[in-house]
Amino acid sequence: MSYLKPLFSHPKLPKNKLGYTLKEYEGSLSTLCAGCGHDSISAAIVRACFELSIEPHLVAKISGIGCSSKTPTYFLGNSHGFNSVHGRMPSVATGANMANKELVYFGVSGDGDSASIGMGQFVHVIRRNLNIVYVVMNNGCYGLTKGQDSATADRGSKNKSGSVNPFEAIDLASMAIELGASFVAQSFSGDKQQLIPLLKAAIQHPGFAFINVISPCVTFNNNPGSTKSYDYVREHIEATSALDFVPVKKEIRVNYAEGASAEVGLHDGSKIHLNKLSMDWDPEDRISVVNALQNAKVKEEILTGLLYVNTDWKDLSRTLNITDSPLNRLKESDLCPGTEELQHINEGFR
Amino acid sequence: MKPTNTRDPEYYHKVVDCQYACPAHTPVPEYIRLIAAEKYTEAYMINWESNVFPGILGRTCDRPCEPACRRVRVEKEPVAICRLKRVAADQKGEVKSLMPQGPFASNGKKIALIGGGPASLTVARDLAPLGYEIHLFDEQIAGGGMMRSQIPSFRLPETVLNEEVDYILDMGIHTQFLTYVSSLKDVLSKKYDAVFVGTGAPRGKDLPKLPGRKDGAAGIHIGIEWLASVAFEHTKSISPKVIVLGGGNTAMDCCRTARRLGGKDVKVVVRSPFKEMKASPWEKEDAMHEDIQIFDNHVPLSFEVKDGKLIGMKFQKVRAVYDEKGKRELIPTDEPEVLIEADEVLVAIGQQNSFPWIERDLGLDFDEWDMPVVDRKTFQSTLPKVFFGGDAAFGPENVITAVAHGHQAAVSIHLFCQGKDLLDRPSPFTNLVSQKMGIHEWSYDSQIAADQRYIVPQARKSITLKDRKKEVELGFDIQTAYKEAQRCLNCDAQTVFSEDRCIECDACMDVCPTSCITFTANAEEDELRQNLLVPAENKSQDLLVSDTLKTGRVMIKDEDVCLHCGLCAERCPTSAWDMQKYFYSVTKAYQIPASLPAIQK
């Protein structure tokens, strides 16, 4: 088995604005099972960061426990990383974010890490609108412990040993919308054309950006009867829209069919172009999104794409009025402004 | 694009760049792996079977394989293929018992070989085991042809040459050395079933019209004649100041030999720019290392003679100008004529064929350049029982090309003697076998070594310049050979794709270190080449195109910079990718399977 990636790359590999190639955004060779959907998601994250020309040292990857939470080793090898406690990634991410809001944060989690042990943390981090890209690599099973059904396994889905799941699934996307997430999307690891622009939009979104990515477990949950297998997802996938992320200063006009296109502007000037495929859905109207998700569920469809976006809500650091400057750059004079300032503050409480 | 037909034996063959570029198609990666495994004898035999002269070629080959090496496209320097071949020859054990063992039962046919160089010797080797009675004629004292007369001993020791020539002659070849064949008619009258002409390109070009040529004749020699005269020890010294005209490998051999025979101030003067000289880059380096100056862009004007003695040559300086088709023209510059002093001049400006011994009324046609008309595939002349090969067939090339010709001519002669159709040639032997050893294990070292090319050590100049026979290159030691062998990318470990197993998880596309694999919508080739992860701009390299997959896309693999690291296959959950070793071998005359007996109705 190979443990090291060859050092050679394609001599004509494209470079981004910083002069980096994809290689500078890759991590070490994956030790996940061959064909794992998680590896495709890692590759999509690599490509999104490369295309946005993000400085790798200005990214932090924070994860919990599970196959999904191992992946930060396999992408962005030149970035910061913290592999935290099971289900406790949101707390660590919140702390990091409060200490330094200049970084791009990836919260990497799985269905076990977010929908079971970490459910309490998951709901609260949504509620607070922490500025983070929260990716759930959702395979509907506990791959690291031999593939037991997880809380996101659909009722009626058959696992590899042949037993049928009797319990209702937790729908993480619906729940995120319900709890006030400001950016909610759903995608499939096998559809990079959709996943990469979604990740780019999520990175630029100023607030909590949740992406639930169906990611087949090839070893334990890719059998006939499973609703999270490559074949099942491909047959039941229904995209809300064909989308394209347009960074600031690089607007590309695409001619969409009349009445079918929408555009969502982000505060930094970048835009998300959406070519709507589902007509009675508006990504800025929560009620229509909830309806669309429920309708899809009835039709046994997996609705993917950008589901909901709201760019007006304040993220946690703005709500709490956190200093713009990272804590590590605050000097003694900032932290101890002197007796005069202290008296001034005390005056305010009299 | 249509799905690639990988059943065509040439598809995977082309992926093994070195083997494909080799005129004899020696299975290079196969023997390099054997060298790494310290199986030198086996590595030697793979070579011997294919190129007949591993020890000789491992020192002197023109190496068309090396510029073709895939490593050039991902790193910089190719694997030192040629010098690894020499390692196999240097380190091998007993090999004679592994070669076809005579005496062979006679098949009653008699073949004459004219000339004892690499082409004739190859024909002899391929035909002897089939029971042919082979008569070889050569004017020299021993076999080997130009390998003996023109390649200096400091590049090719006589012991190595004799050993490999003798492997063939010992198969029961009837040799008639010191015999100049002066008439093909005579040979034909001796009732041979076929005649093979491998007489090389024996005549060195001269400058007969250059002023001073006649007056200075005593100090002017034709390069290849002079080299032969040194090899056979008729010439033992040269004057201190020497000019060598010409920029090919013969010129390099001349100047380096001159340095060993007393030449102190040896200059090579060539018409073309340095970069375009025909000599191999390493031969130019070796010459310069021996204090030989190379003057490029100098066109000879005259031999300067004073009191009946050569004193030097005059040259016009030129510069190369290219038209839009890339055709070169040498334009004289305004600079004054240059006089270079010399006591002797060696003219090494090319070689020509010469067939004064072939009567022109035998029905053997010659073309407008006075070259025999020879079929490019069968090597047959217009006189059916006469075949040509080596430099004699299509003009000067090199040893490995002569060997390749010899193999094909032998096949033709064998078919001819059986009264079969010469165009119905045997297919190559091919074999494609999975290298999977376990879940993620391959039978070859799939890790990619980042080492740069290792340099072959040389003996000290102070020693080699004193002794014409002292070999300059020492060859790799075993440890360095191992490290150099590990640089080989194992291009014969083919990435074989089965679309019916692919679940389109993209794992191979994500992991490929050189971004060779793309899953995309099908299109015409030009468009498809642009739609890949990295556009495939090297059109000399093929695209491997799958049939349509479940989602309607196709898998495209650009063969250009594939490292054959096996990661696509390791990361494939369904074994849709597999690493399979492709063995390709040109079928030699003695390997043609006997035809099956006819079925009686």
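**Salt bridges and a charged surface patch**

Across all chains, the structure holds 58 salt bridges, a salt bridge being a side-chain nitrogen of Lys or Arg within 4 Å of a carboxyl oxygen of Asp or Glu. The model is predicted, so that local features need pLDDT of at least 70 and side-chain atom pairs count only at pLDDT 80 or more, while totals for chains, interfaces and linings use all residues. Residues are numbered from 1 along each chain as its sequence is written, chains are lettered from A in the order in which they are written, and side-chain values use heavy atoms, with hydrogens and water left out.

In chain B, Lys14(B) and Asp542(B) form a salt bridge with an N to O distance of 3.3 Å. Because Lys14(B) lies in helix α1 (residues 9-15) and Asp542(B) in the loop between α21 (525-530) and β22 (543-545), the pair ties together parts that are 528 residues apart in sequence; helices (H or I, at least four residues) and strands (E, at least two) are DSSP runs, numbered from the N terminus. Lys14(B) is partly exposed, at 26% relative accessible area, and Asp542(B) is likewise partly exposed, at 25% (buried means under 20%, exposed over 50%, partly exposed in between, with a 1.4 Å probe and protein chains only).

A salt bridge also joins the side chains of Lys588(B) and Glu49(B) (3.2 Å, N to O). Lys588(B) is in the segment after β24 (577-585) and Glu49(B) in helix α4 (residues 40-51), so this pair connects parts 539 residues apart in sequence. Both Lys588(B) and Glu49(B) are buried.

Lys192(A), Glu504(B), Asp506(B), Asp510(B) and Arg553(B) are linked in a network of salt bridges.
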